[in-house]
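Colleague: I would like to learn how to read salt bridges, helix faces, cores and strand order in a model of this kind. Could we take them in turn, with the general idea ahead of each case?

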Amino acid sequence: MKFAWIDLRTVPQDQLESVVDAAIHTRTRGVLCDDEAVLKALPPTITGVTTTPVTDEKQLYGLDADTAGRVVAGWVDVHDEPSLRLACAAAVTLPFTVVRFADPTKIPLEIVLAAADRSEGELITVCADLEEAATVLDVLERGSDGILLAPSTAGDVFALARLLEAGTEPLDLTTLTVEGIEHHGLGDRVCVDTCSHFAEDEGILVGSYSTGFILCCSETHPLPYMPTRPFRVNAGALHSYVLGPDNRTNYLSELRAGRTTLAVNAEGRTRPVLIGRAKLESRPLLTITARSPEGVEVSLTVQDDWHVRVLGPGGRVHNVTELRPGDELLGYLATDQRHVGFPIGEFCREQ
């Protein structure tokens, strides 16, 4: 679990009380401060933090002792190759290492993360602002264990807390049984091209009804006559719903470069993926009708072509033109209706 430490040392005096209150309210893990009175006033839910500058590897021993119940962390300023090596050694040796990087490139952070990959200590990276914090949390897909931020106002503390909570929860997928396939004429379909490489058992959840989705496979698997496109999902007709982060849906027609959608694998694990483009083209279409064990009907209209695929239990790949009644697919049922993509408890019938 990623965590945040708040650095109070540069917080304006007139904002200090509200920033501390925000840290308490958001259950910020630690507060770094030189004022003994502030540290003593902290509730037991927040750990007081003190730091010791580390300029030599000989200092890497004996910094793990608590002082009055506080965390003692080594602090390394990285500005050249020797200080980078020192940061790597500290991250491997110490229980807590705070690293501040002089340069904007994240390559030194990547090196420290790689060096400390199997160590038990926790790495905390100093961030200038929330934008940098968002980047640092994703470096090498692992990211820094913690963020140290000097907020200007209480609003920065609340925004940092929201950033740390931005992970995606797993979904309980269900097995759907195909009931029928209907071929149509020409219509508009959308390919969702992301900035990520999909795994073989990953795709996105798409459906004609807001209460039911089918797991559409990415083009990670080999295709005849053309190379694989592991960043792409041939998702469905432009009217379709696609499930995104925070239980929010969008129509495929609404997707744009720079927005985020949700990658889902056959076990229901999820992750946000950045959209690089949405590609709309006219193609022949077909509709898959399937039903859940509870009797919920799920519908999906996709391009009528062999290379368009959906996933079944265990990550089994089905070409949509070869589906037959009785085939099993992976899907997701949502209990709420939708209004502009948000779940809402109102009566609505889609058919």
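Predicted model: local features only at pLDDT ≥ 70, side-chain atom pairs only at ≥ 80, totals over all residues.

Colleague: What do the side chains of Glu-81 and Arg-85 form?

Modeller: The general idea is that side chains of opposite charge can pair when their charged atoms come close. Here the side chains of Glu-81 and Arg-85 meet in a salt bridge, with 3.4 Å from N to O. Glu-81 is exposed at a relative accessible area of 56%, while Arg-85, at 48% relative accessibility, counts as partly exposed.

Colleague: Which residue forms a salt bridge with Glu-179, and how far apart are the closest N and O atoms?

Modeller: The partner of Glu-179 is Arg-291, and the closest N and O atoms are 2.8 Å apart. This pair links distant parts of the chain, since Glu-179 sits in strand S8 (residues 174-194) and Arg-291 in strand S15 (residues 270-291), 112 residues apart. Both count as partly exposed, Glu-179 with a relative accessible area of 41% and Arg-291 at 28% relative accessibility.

Colleague: And is Glu-202 buried or exposed?

Modeller: Glu-202 counts as buried because its relative accessibility is 8%, and buried means under 20%. Glu-202 forms a salt bridge with Arg-271, the closest N and O atoms again being given as 2.8 Å apart. Because Glu-202 lies in strand S9 (residues 202-209) and Arg-271 in strand S15, the pair ties together parts that are 69 residues apart in sequence. Arg-271 is partly exposed, with a relative accessible area of 26%. Elsewhere, salt bridges that share partners join Arg-189, Lys-279, Glu-281 and Arg-283 into one network, and the count of salt bridges comes to 14.

Colleague: Turning to helix faces, which residues of helix H4 (residues 107-115) are buried?

Modeller: The way to read a helix is to ask where its buried residues point, and in H4 the buried ones are Pro-108, Leu-109, Val-112 and Leu-113. They lie on the same side of H4 because they cover an arc of only 135 degrees around the axis. The face turned away from that buried side carries the exposed residues Ile-107 and Ala-114. Among the elements that cover the buried residues of H4 are strand S4 (71-78), H3 and helix H5 (130-136).

Colleague: Which residues touch the most other members of the largest nonpolar core?

Modeller: In that core of 44 residues, they are Leu-8, Val-112 and Ile-147, and H3 supplies the largest share, seven residues. Leaving aside neighbours within four places in sequence, the contacts of Leu-8 include Leu-16, Val-31 and Cys-33. Another core, of 28 residues, lies apart from the largest one, and Val-192, Cys-216, Leu-255 and Leu-323 are among its members.

Terms used: Residues numbered from 1 in each chain as written. Heavy atoms only, no water. Salt bridge = Lys/Arg side-chain N within 4 Å of Asp/Glu carboxyl O. Buried < 20%, exposed > 50% of the residue type's maximum accessible area, 1.4 Å probe, protein only. Helix = DSSP H or I, 4+ residues; strand = E, 2+ residues; numbered from the N terminus. Arc of directions from axis to C-beta. Contact = heavy atoms within 4.5 Å. Core = buried A, V, L, I, M, F, W, Y, C linked by side-chain atoms within 4.5 Å.
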